[in-house]
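Dear colleague,

Please find below the sequence and structure that I am handing over to you.

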Amino acid sequence: MREVAAEFAHPVMLYSIGKDSSVMLHLAMKAFFPAKPPFPLLHVDTTWKFREMIAFRDATAKRLGLDLLVHVNEDGLRRGINPFDSGSSLHTQVMKTEALKQALDKYGFDAAFGGARRDEEKSRAKERIFSFRTATHAWDPKNQRPELWRVYNTRINRGESIRVFPLSNWTELDIWQYIMAESIPIVPLYFAKKRPIVERDGALIMVDDDRMKLKPGEKVEERMVRFRTLGCYPLTGAIESSAASLEDIVTEMFTARTSERQGRLIDTDERASMEKKKKEGYF
Amino acid sequence: MNAPPKDLNKFLADQEKKTLLRFLTCGSVDDGKSTLIGRLLYDSKLLFDDHIQALERDSRKHGTTGGDIDFALLVDGLEAEREQGITIDVAYRFFATDKRKFIVADTPGHEQYTRNMATGASNSDLAVILVDARKGVLTQTRRHAYIVSLLGIRHVVLAVNKIDLVDFSEPVFDLISKEFSVFAERLGFASQVHIPISARFGDNVIARSEKTPWYQGPPLLDYLETINVDSALASKPFRMPVQWVNRPNLDFRGFAGTIVGGRVKKGETVTVAKSGRNSKVARIVTADGDLEAASAGEAVTVVLTDEVDISRGDVLSAPGSRPEVSDQFAAHLLWMAEEEMLPGRPYLIKLATTTASGAITSLKHKTDVNTLEHLAGRTLHLNEVGYINLSLSQPIAFDPYTDNRDMGGFIVIDRYTNATVGAGMIDFGLRRATNVHWQALDVNKDVRAAQKGQKPAVLWFTGLSGSGKSTIANLVEGKLHSNGRHTYLLDGDNVRHGLNRDLGFTDADRVENIRRVAEAAKLFVDAGLIVLVSFISPFRSERRLARELMGPGEFIEIFVDTPIEECMKRDPKGLYIKAKAGEIRNFTGIDSPYEEPENAELTIKTMEAEPAVHATNVVSWLEERGYV
């Protein structure tokens, strides 16, 4: 992180409000102590995030005294893109990937931190820690810069940028252990609680506001659930759980038989879909 | 996964105590690297249900194992790899057992991805080299063993895979084992262990196989769990390259960095490697409170007792054993780019937190990776290894790579594409650098120039053969001379009859050609002359090198822009006809590229006016800017 601060003119930290972002932000606070991180936070808001996430986001920025930039793809909003009618694929493309590119272009950021980890998904396993993006934000997995030792090539031409993944070598378990050890605040949605749930296509979806229209035969039930990963609420499946504390969560992880991204409906909507999204500029 | 821990706190404490082993797997195409890693993940019960389901689905679609689970599909992440059945990039995998945590770099076997293997090796402590029992030790096996040793890995496992396909034969295993030992003897590994395995069926991977009763050693995972790879970094001399100066307000000035060697304590004296200035450690600051001491691997912020001038790129070090400081080195270099390495061409060199411009001054020899023999050569191609002399534009602090990877490993960056084109490992600093001092002279450039009443400069004419460079340069010199100016003209053809008569027309020779001419031009400028250089000089990098040799405003690049069709038509020396007939090789514009200038001071479009008009324009340009 200090490498980025020292080598780039306009870095930014992508802040997705999830547990990985929380850890990444915590590390930044430590790396630059007693100074504040010399870059703003950027949240790309699809307008479909859980309300608790937005509240947590604003509280965090205020608590730490950091600059928070929020970007919404206004064009997408006008076109009425939403996860229910547009489908998850188009929604993600327009409201996340396109929106992110808009924001990076608008502010002219030349380096962006992301909280992605190599253990999450197959194509992410091959991501560099300093990952080069062309002026159109595209990723070319076959033409990545070799990354030796801890010497990072930070050279770019105007308009090009680097995505930086400081948590590359962390596993999900590492994240939770670190959250416990350092008492890092996280969004309450990670803890089990009775929440209004609809079962749709095998996933447990939380009804977070009245934009979610019920289909015939669906009914809202109060169920004890929590989330292993957070995204747009209509696209994020909960798991039934009674883990209401960090200790419970770590214990539960050891009995888990499915990976965390399983709750993410966007990963499987096309085969090799993550790699495709990454080439287009998704994180 | 594992059974739920009974006592969570004890469990977490155990987790903290686990050591981490970073290793890489390498081997030739189809030796089964990905299958082995998939097997390790699967057998150590580290796969999630949804991964296994996806795996079964994919195995039916792309699998090469006839309906059985194909573990390789788990690891070969990228679409292209799944379809071609080879690993083309480094994939990192994570798993843990009760004893250790592991990060595995799964690296490509195919020759064109050797650089990716070096990448994986640079961050690993141990290498598992796979060999197909049916094929034995291959060229690629030797290459990998050599590169692994070059990058400083001290421990190797030779995994003789597919032992099931040779009927678990002991003689086959022994033969391979012996052949590898003979080769590896010269590579100086601290330990090497040879294990017969079948990644597909799991023999000797997790548990010892009943089918190889003749093998007495440990199964692979046991060995990986227990081997001690500690390089004792913390007991080495203190080193901290300064990454960033932390200055939130006027009262605080801290130097942030990761300690890459030794330890440091509050109150201890430290030395700034380059300047030799000493100070004492006042505080070791972290967000969780000040530390009394910190050691290798920790990222800290150090506050010193004195106001010492320190910036990014400086190295804080132990006063008793400071790193060396030099601007010239002998080093091993692995070339990683399609475009060949050209001695003399300016590159950027990044070592620890310092980036400096520099050039490879000579290629001492190349190394044949099969025999480790030294070969003569002028350039390095993709995946080739050489021993070089490196010269930087400024002195830097370093340690030999074998003493400290972080202080002796550097990357080479192309100045135009910004690609990482090479990886180097410093062997030692060249004494020459510290002993050749610049002789200060009383009569200097300014005095000489003042006497002649002109501003010395280089007019660098670049363009295709037959574009009209020499014609216009001649006319310009004639005009300047008749105006009483002091000039000298260096012409490409003429210089090749003398100073550069030993050079040909390969890319490497063209670079050297320009370097010598640029140096000669610099001496003439120093003598106070206006120098006209008329050279094709096809590459941007070398024109930039020439530009950077001169002072500000002294280099005037003049692009003589004539379309190639016109040059061919003019063909004053009959060269294009010969080149097209194949009688001349490496001819610019025919089978060797010309890179047009991007920021030339002057561009002359020869199609638009007569040479005499252009010459007059050049002279007026000089007059307007006060050169003459």
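This is a predicted model: local features need pLDDT of at least 70, side-chain atom pairs count only at pLDDT 80 or more; totals for chains, interfaces and linings use all residues.

Strand E17 of chain B covers residues 346-351, and six of its six residues are buried. In a regular strand, side chains alternate between the two faces of the sheet. For E17(B), neither face is left uncovered: Pro346(B), Leu348(B) and Lys350(B) are buried on one side, as are Tyr347(B), Ile349(B) and Leu351(B) on the other.

E17(B) is paired with two strands that I would like to point out. Strand E18 (residues 354-367) of chain B runs antiparallel to E17(B) and is joined to it by six bridges; Thr354(B) of E18(B) stands opposite Leu351(B). Two residues lie between these strands in their hairpin, where Ala352(B) adopts a positive phi near 50 degrees. Strand E21 (residues 409-413) of chain B is also antiparallel to E17(B), with four bridges between them, and here Ile413(B) stands opposite Leu348(B).

In chain A, six strands make up an open sheet of mixed pairing, ordered E3-E2-E1-E4-E6-E5. Strands E3 (68-71) and E5 (130-133) of chain A are at the edges and have a single partner strand each, so one side of each lacks a neighbour in the sheet. On average, neighbouring strands of this sheet are turned by 30 degrees against each other, direction ignored. The partner of E3(A) is strand E2 (residues 41-44) of chain A, and the two pair in the parallel sense over four bridges. Within this pair, Leu42(A) has Leu69(A) in E3(A) as its bridge partner.

Yours sincerely

Key: Residues are numbered from 1 along each chain as its sequence is written. Chains are lettered from A and ligands numbered from 1 in the order in which they are written. A residue is buried if 20 or more other C-beta atoms lie within 10 Å of its own, exposed if 12 or fewer, and partly exposed in between; C-beta atoms are placed from the backbone. Two strands pair if DSSP finds at least two bridges between them. Axes are lines fitted to C-alpha atoms, for helices over the stretch in contact, and angles run from 0 to 180 degrees between N-to-C directions.
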